[in-house]
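Dear colleague,

Please find below the structure that I am handing over to you. My notes on what was found in it follow directly after.

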Amino acid sequence: TIFVDGNKRNTGAETLTMTNFNFVADKHNQSFVMAIENTYAHNIIVENSKMNGNGQDAYGITLRHVYDVTLKNVEAIDMLDVVYAPKGVEGFTAENVTITDSKNGFIFGHTATNLTFTDVTMEVETNGIYVRNNTGSTATFEGGFSFGFSTGPPGALPPHVLPLDAQDLL
């Protein structure tokens, strides 16, 4: 696990960029990248990387109280959640992300704002994108965006939840 500490600041010029990583889970409930809670990690970029849950119910990135996180050119397979963000995210971008054979894609809990998804392809079992709308969430969907689900009869879509204003876009 790569732990990210924001030094209790939500701004700063520093950037953590992880490029060409091949993450493979080797233990149950492992997170590949984890923002340490209440340190306000910011400017995190994961690009040109692969995430493989390897049958371990793994999390790609766990975010708590973070600012400006980007996933770009990322492939994820066999994940529990590619992004698990139960608390406070301000500024998140997923661009050219492919998720296959996974339980969930992007899970945002309490307060998520300024979310952007561009050219995202998902084959998931339960939730493609879940955004809990506690205090008002904003999301933008651009470019090629496709959902595929790995369960259910042909043509049937299992429940997926987008409880935010973007629901009208679907």
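Which residues does F106 touch, not counting residues up to four places away in sequence? They are L71, V83, F92, A94, V97, I99, F117, V120, M122, G128, I129 and Y130, where a contact means heavy atoms within 4.5 Å.

Before going further, please note that this is a predicted model, in which local features need pLDDT of at least 70 and side-chain atom pairs count only at pLDDT 80 or more, while totals for chains, interfaces and linings use all residues. Residues are numbered from 1 along each chain as its sequence is written, and side-chain values use heavy atoms, with hydrogens and water left out.

Overall fold. The chain has zero helices and eight strands; helices (H or I, at least four residues) and strands (E, at least two) are DSSP runs, numbered from the N terminus. Of the 170 residues, 42% are buried, that is, under 20% relative accessible area, with exposed meaning over 50% and partly exposed in between (1.4 Å probe, protein chains only). Among contacts with a separation of 6 or more, 59% join residues 24 or more positions apart.

Nonpolar core. F106 is also among the residues with the most contacts inside the largest nonpolar core, together with M51, L63, L71, F92 and F108. This core has 38 residues; such a core is a set of buried Ala, Val, Leu, Ile, Met, Phe, Trp, Tyr and Cys residues joined through side-chain atoms within 4.5 Å. Two or more residues each come from strand 4 (31-35), strand 5 (42-52), strand 6 (59-77) and strand 7 (81-131). Strand 7 gives the largest share, 18 residues.

Salt bridge. The count comes to one salt bridge, defined as a side-chain nitrogen of Lys or Arg within 4 Å of a carboxyl oxygen of Asp or Glu. The pair is K87 and E37, whose closest N and O atoms are 2.6 Å apart. K87 lies in strand 7 and E37 in the loop between strand 4 and strand 5, so the pair ties together parts that are 50 residues apart in sequence. K87 is partly exposed, at 34% relative accessible area, and E37 is partly exposed at 33%.

Backbone. Two aspartates deserve a look. D57, in the loop between strand 5 and strand 6, has a positive phi near 55 degrees without being a glycine. D78, in the loop between strand 6 and strand 7, has a positive phi of about 60 degrees and is not a glycine either. D57 is partly exposed, at 37%, as is D78, at 26%.

Yours sincerely
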